[in-house]
Amino acid sequence: MNFTLAIQTLQALMIAASDEAKKSFQNAIEFLQSNGKKVIFRALNKLKLIGTHKLTTVEEFTVTDFFKEGKNGTTKVWLSDNFKSIILGAAPKKVSAAAETLDALQLTESMWDSQIVNELGNPTSYDIPTLLARLKQLVSAQSNGEAGTLLTNGYANIFYAKAADGRAVVVGALWDVGQWEFYCYEFDEDSEWLDGRLVFSPAIVEA
């Protein structure tokens, strides 16, 4: 599809728009320029790109078969109360996920969530079904704490998601004492994430 006319129209509207509106127009232009794909621009400072991972489709599964405390047939799991209420409480019975490519970026200094997301280029947050499918896929590949895509040294693997009420939340997955632990926090909640933690975000799409 050719989006040239729409792009030209948006560019004309930007001239007299407020600064806040210009951001929205620019996001729309970038979306059209990529033929309907999200274009992310990053200026990394405290984050370091350490890997890009192509992940396959996650076939539909029942959420409670995997995300339950104790052994689930694949690994051992522990769930925080917030993860249970905010994430699982809003999840459908079954979930799946399309194939995608993820960037893994490591914190080189302590950072707040807002700083992390800004450096990531303000990507679209995961919806809850996709997040759960992706977590199952990644954790299952390291079910006994083996080395792999996720950190297994007790440091958090960080994902940004959107709660059912629309607010931004942060999900952390970490390997500790023989089990995978899942947490959910409010955005910019109490303290910074320490250096060495790993954040995952959809890979940059080239225009």
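Author: Begin with one residue. Aspartate 103 is buried, with a relative accessible area of 4%. Buried means under 20% relative accessible area, exposed over 50%, partly exposed in between (1.4 Å probe, protein chains only).

Reader: What kind of model is this, and how are residues numbered?

Author: This is a predicted model: local features need pLDDT of at least 70, side-chain atom pairs count only at pLDDT 80 or more, and totals for chains, interfaces and linings use all residues. Numbering starts from 1 along each chain as its sequence is written, and side-chain values use heavy atoms, with hydrogens and water left out.

Reader: Which side chain makes a polar contact with that of aspartate 103?

Author: A polar contact is a pair of N or O atoms within 3.5 Å; within protein, one must be able to donate a hydrogen and the other to accept it, and residues adjacent in sequence count only if both atoms are side-chain atoms. Here the partner of aspartate 103 is threonine 52, at 2.7 Å. Contact in general means heavy atoms within 4.5 Å. Beyond four places in sequence, aspartate 103 also touches residues including Arg42, Leu49, Val199 and Phe200.

Reader: In which strand does aspartate 103 lie?

Author: Helices (H or I, at least four residues) and strands (E, at least two) are DSSP runs, numbered from the N terminus. Aspartate 103 sits in strand 6 (residues 100-107). Six of the eight residues of strand 6 are buried, so the rest of the structure largely encloses it.

Reader: How do I read the pairing of strand 6?

Author: Strands of a sheet pair through backbone hydrogen bonds, either parallel or antiparallel. Two strands pair if DSSP finds at least two bridges between them. Strand 1 (residues 47-55) runs antiparallel to strand 6, with eight bridges. Leucine 55 faces glutamate 100 there. Strand 10 (residues 198-202) is also antiparallel to strand 6, over five bridges. In that pair, leucine 105 stands opposite valine 199.

Reader: In what order do the strands form the sheet?

Author: The order is 1-6-10-7-8-9-4-3, an open sheet of eight strands with mixed pairing. Its edge strands are strand 1 and strand 3 (70-71), each pairing on one side only. Strand 4 (residues 76-79) runs parallel to strand 9, with three bridges. Tryptophan 78 is opposite glutamate 181 in strand 9.

Reader: Which strands does helix 5 touch as it packs on the sheet?

Author: Helix 5 touches strand 1, strand 6, strand 7, strand 8, strand 9 and strand 10. Its direction makes about 85 degrees with that of strand 7. Axes are lines fitted to C-alpha atoms, for helices over the stretch in contact, and angles run from 0 to 180 degrees between N-to-C directions. Helix 6 packs on the sheet too, at about 160 degrees to strand 7.

Reader: Which residues touch the most other members of the largest nonpolar core?

Author: A nonpolar core is a set of buried Ala, Val, Leu, Ile, Met, Phe, Trp, Tyr and Cys residues joined through side-chain atoms within 4.5 Å. The largest has 38 residues; Phe67, Phe83, Ile87, Leu132, Leu135, Phe159 and Phe182 touch the most other members. Helix 6 (residues 128-140) gives the most to this core, with seven residues. Another core, of 13 residues, lies apart from it and includes Leu107, Ile116, Ala156 and Tyr160.
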